[in-house]
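Please look at the sequence and the model shown here.

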Amino acid sequence: MSLFVGVDGGGTRTRAVVLDADGREVTRAEDEGAVATAERPDDAAQAVRRVVERAVAAAGHAGPVDVLWAGLAGAGTAVPRAAVTRALQGLGLARRLTVGTDVEAAFYDAFGDGPGLLVIAGTGSIVWARYADGSEKRVGGWGRTLGDEGSGYWIGLEGLRRLTWSADGRADPTTMEDPLLDACGVGAADEAVAWIEKATKSQVASLAPRVVACAEEGDAAATAVVNEAVEHLAAMVRTAAGAEDHGGAGEVVLWGGLVAPGGPLRTRLASALERSGLRVSDKDVDPPLGAARLARVGHG
């Protein structure tokens, strides 16, 4: 039986979908996160191996599959993508494999080969557009040091920053103090300095729901952070949507833990975009299915 496997890997989890030759879904599996890095490519490769082997075993299949398309966070530049590709090639998971990005997988599920504008706001943030003439544009996605504005990481970091402003008297007291310090496992703002220097991107992003909760309860500092996050994301989308000379990008799809259906910023961001004249779709996104479909149609 011909099998095509798609993988969507991020900082929190890695998911796999198996399709048969007719494009029917056979099975799914999930495992821990997989992020492509040039320094430790085997970490991502082993995470992909585990989830693929689990999915393929559930499908009652042994041996390599026909095609594996792995969309991984961090694989947007050539060096880490090549390193992880080499690591995966040595594992014998598939007769043919492609390493792409989690954004490509999500975009393909949302729009196929057509135009559209995808906003991903979860641990990180990025906007990806494909226009009517086939050209593409990325806005954001510059990583935790230079970018990720409006993301869970950015919100968590800004929440802690406003907490330090309150602690030294530059700002009024904030109700974020107790929930953020508890989440960091520290007792005072000065102890958060050591915590954040060692924290992973996912750990910082895990603070975002607490910041949003404080904003919903009326805390001024938390509200400012959330409003700025929404404006950062909206500005990225407006920038990507502004390329009318390429025929426009069509509808906007929101994805990621912050803005997917049920996400805490979805209503705010959708309203901001609609006020700018953009059309926001209710479409849900299934990135590992998008990756599996890419495997089946031979992209990459």
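The accessible surface of the chain amounts to about 13,300 Å², and carbon and sulfur atoms account for 48% of that surface. Accessible areas are computed by the Shrake-Rupley method with a 1.4 Å probe, and for residues only the protein chains shown count as cover. The structure is a predicted model, in which local features need pLDDT of at least 70 and side-chain atom pairs count only at pLDDT 80 or more, while totals for chains, interfaces and linings use all residues. Residues are numbered from 1 along each chain as its sequence is written, and side-chain values use heavy atoms, with hydrogens and water left out.

Of the 300 residues in the chain, 51% are buried; buried means under 20% relative accessible area, exposed means over 50%, and partly exposed lies in between (1.4 Å probe, protein chains only). The C-alpha atoms occupy a box of roughly 65 × 45 × 30 Å along the principal axes.

The chain contains twelve helices and nine strands. Helices (H or I, at least four residues) and strands (E, at least two) are DSSP runs, numbered from the N terminus. Among contacts in the chain with a separation of 6 or more, 65% join residues 24 or more positions apart; a contact means heavy atoms within 4.5 Å.

Helix H7 spans residues 189-198, and its buried residues are Ala189, Ala192 and Trp195. Seen down the axis of H7, these residues fall within an arc of 85°, so they line one face of the helix. The arc is that of the directions from the helix axis to the C-beta atoms. Asp190, Glu197 and Lys198 are exposed on the other side of H7. The cover over the buried residues of H7 includes H5, H6 and H8.

Which residues of helix H9 (residues 208-216) are buried? They are Ala208, Val211, Val212, Cys214 and Ala215. These residues lie on the same side of H9 because they cover an arc of only 160° around the axis. On the other side of H9, Pro209 and Glu216 are exposed. The buried residues of H9 pack against helices H5 (152-167), H6 (177-184), H8 (201-205) and H10 (220-241). Just after H9, glycine 218 adopts a positive phi of about 100°.
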